[in-house]
Each structure stands twice: as structure tokens, then as C-alpha cells.
Amino acid sequence: MIVVSGIQPTGKPHLGNYLGAIRNYVKLQDEAEAQDGKCLIFLADLHAISMPHDPAQLHASTLEMVATLVACGLDPAKSVLFNQAQVPAHAELQWLLMGTARMGWLNRMTQWKDKAGKNREGQSVALFGYPVLQAADVLLYQATHVPVGEDQKQHLELARDIAQKFNNDFASDDAPVFTLPDPYIPEEAARIMSLRDGARKMSKSEPSDMSRVNLTDDAETMAEKVKKAKTDPEVLPSEGAGLAERPEARNLVGIYAALAGQSVNEVLRQYGGQGFGAFKPALADLLVSVLGPIRDRFVELKDDREALDAILARGAAQAREFSRPTLDAAYSALGLVRG
Ligand code: TYM
């Protein structure tokens, strides 16, 4: 089992990142350790430059993201924790895969379409080529399991298509260069929605901070955000099917279920028939009990610059070593002379 995943160090990590992905990094890190596998988690700083950004801000958020991941339970002694910019093999393999990825495949990516909107001509080439770098990220380590939220599923399907075409075009059947990675997507929390609009994803780039719970929010702020979350005037139904046309209610119950480790029906067995006046305070308490300790550890770690730099340097050295055989194999399969 080889677990690989990445998170962009832009903005503050939020509840969607935690329930959709980070929590599973930690779970799979332990499974990988038990099976003598590997777990590599990186900060996708190279991806972050595909959109307009402030360099000083990117630098600071990269270190904050390391502190957050460690605070969430990622253990640099068990996992390889690093940033892409310190492992040039990511950018190298991206270029090698550019010859295999097709324009038509990238044109179909919904994230590209959403981010570019009507102004495709004005976007960076990096934003268009972004999914090829993401493919390189996982193929470089022969990833088998890639823990992500639902929004990254299409990018991983593309990574599989690229791997398959590269293997077909440049490798023999009995010695493929790349392993086809599988996404690992949680059932209950694959897509956490905004607290202000049940039709939009909770996102770091949404302008209103009230739309998300940040992992670094204090208890009061978390409770306030839950209290102000958009809902409807109905009481909660007694079964999940009753939430079908109620996106905001469904989102809050889904968050509760994911945090409590229960199914939506189990939560509704307890809260069905009650209004949000009763449910919201219970959700706020649960949030604070799960995220409060993470925030406390984050506050302890975030200013220890030396320790954070050391974690990244060590992780990068390991990642450079693990990536070498696959990178060499890709260069060689393409017939590139390197001396
Ligand atoms: P990013 O930084 O947007 O998000 C990091 C992880 O959090 C998940 N996620 C969510 N899950 C549930 N509900 C939400 N509202 C929500 N918002 C975000 C994402 O699915 C992701 O797993 N392109 C990636 C970073 C990346 C990557 C990779 C991931 C680069 N290379 C290779 C996996 C493998 C991204 O921008 O994630």
C-alpha cells in the first residue's frame, strides 16, 4: 500500500479539508505503517502558483499548513511530509507526462472550467496543465491509495488515463512504468458544503469566512459560524431521505454524522422532530470537541519555524530518494539521453 496525497497551502485549511481528506491521511498513515507500506503527504505549493498569489503569503501559509497537518495527527516519523518545491522530480515528471496528456482530456476537467469561467484566454498555462502535475505527484511514487474529497475524483481518473497511455505507448505489458492509482474517498464527508449556501462547496477561496469552519478558528468563532449557518424553518426528519430537497440541513447533519462517526440515519434517530435551535448547539459542541484539541496543538507548533523547516527538509530528502527509480524509468522509457 502506497498512500500519496497533497493539499494546497493557500488560505486556511477548513472542515471540508479535514473530513474529506486530512482525517483519511492519518487513518491511512497508520494502515500503511502496519502493512510496511508508505505514506507520503505533500503541500502542493507548485499547484498554488497556477492562480494569482502573494509570494510572502504563500511562504507563510506553507509553514502553517505543515503545523496544521501535524496538529491533525500526521506524524512525520511515520509519514513523509514535504513540499513539492523541494522535490524537483514533481515538475520534471510533469513535463515528461505533457507529451502523453491530451488537450481534449484537460479541456474536460470541471475544475478548469469552473476556475477559468468565461475567461479561458486570460488564465495561466499552469492552471490548464495543473492536472498533469497532479498526475505526476501520485505516479512518481507508484501510489495505490490517494485519499481525497469528491472534487478531486476527476483529476485522479485523468492520472489513471495518463498512466495507462504512457504504459501502452512506452512500456511493455510485463514491466509498466506506472501503477494506476485508486482514489480513496470518504462515504459520509466527500463533499462538505458552504455554511452559507448548500449548493456551493466549502472552500478556502470563498470570500466569506462565515462560509467555512477553519481548523484554526477558536471555539467561540466555530460556535458563532454554526449558529449563523443557513438553514430552513422545518424540523429535522427522522430519516435521511427526508433531507433530499434540503441541502443546508443535509450538510449540517452530514457534518455531525462524520464528526460523530455515525450514519446520517443514526443522527436523525436522535434529532428527528427537533428544530435547529436544538441541533445547532449540539453540532457546535461536537465541532469544538473534535477540532479544539487540533487547534491547541496548531497554536503550540505554528511559530516553531526551525522544527517546521526540519520536518520539510527531512521529508523532502526521503521523497527525492523514493521518487528516483520511477523518474529514471520514465526518462529512459522516453529515450531521453542523460549521460
Ligand atoms: P485542495 O487543497 O483544494 O484540498 C485538499 C483536500 O481537501 C479536499 N476537500 C474537500 N473535501 C470535502 N469537502 C470539501 N468541501 C473539500 N474541499 C477540499 C480535496 O478533495 C483534497 O483532497 N489539487 C488538489 C491538491 C493536489 C493533490 C495532488 C491531491 C495536488 N496534487 C495529488 C491528491 C493527489 C487540491 O487543490 O486540493
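**Figure 1. Four residue pairs are in polar contact between domain 1 and domain 2.** This close-up comes from a predicted model. Salt bridges between domain 1 and domain 2 number 0. On the side of domain 1 that touches domain 2, two elements give two or more residues each: helix 1 (15–34) and helix 3 (55–71). Helix 1 supplies the largest share of that side, with 5 residues. By class, the side of domain 1 that touches domain 2 holds 9 nonpolar, 4 charged and 2 polar residues.

**Figure 2. Domain 1 and domain 2 of the chain, with the contact between them.** The domain assignment places residues 2–190 and 305–333 in domain 1. Domain 2 covers residues 209–300. The centres of the two domains, taken over C-alpha atoms, are 30 Å apart. Domain 1 brings 15 residues to the contact, and domain 2 brings 18 residues.

**Figure 3. About 1400 Å² is buried between domain 1 and domain 2.** Carbon and sulfur atoms give 71% of this area. Three residues of domain 1 lose the most area to domain 2: Leu15, Ala71 and Glu188. Together they make up 41% of what the domain 1 side buries.

Figure 4. Asn17 uses its side chain, where an N or O atom is 3.0 Å from an oxygen atom of the ligand.

**Figure 5. A salt bridge links Asp30 and Lys78.** The model has a count of 14 salt bridges. In the pair formed by Asp30 and Lys78, the closest N and O atoms are 2.9 Å apart. Asp30 lies in helix 1, while Lys78 sits in the loop between helix 3 and strand 3 (80–83), so the pair ties together parts that are 48 residues apart in sequence.

Methods: Residues numbered from 1 in each chain as written. Predicted model: local features only at pLDDT ≥ 70, side-chain atom pairs only at ≥ 80, totals over all residues. Heavy atoms only, no water. Domains from an automatic or database assignment. Contact = heavy atoms within 4.5 Å. Buried area = accessible area lost by both parts, 1.4 Å probe. Salt bridge = Lys/Arg side-chain N within 4 Å of Asp/Glu carboxyl O. Polar contact = N/O pair within 3.5 Å; in protein donor to acceptor, adjacent residues only side chain to side chain. Helix = DSSP H or I, 4+ residues; strand = E, 2+ residues; numbered from the N terminus. Nonpolar A, V, L, I, M, F, W, Y, C, P; charged D, E, K, R; others polar.
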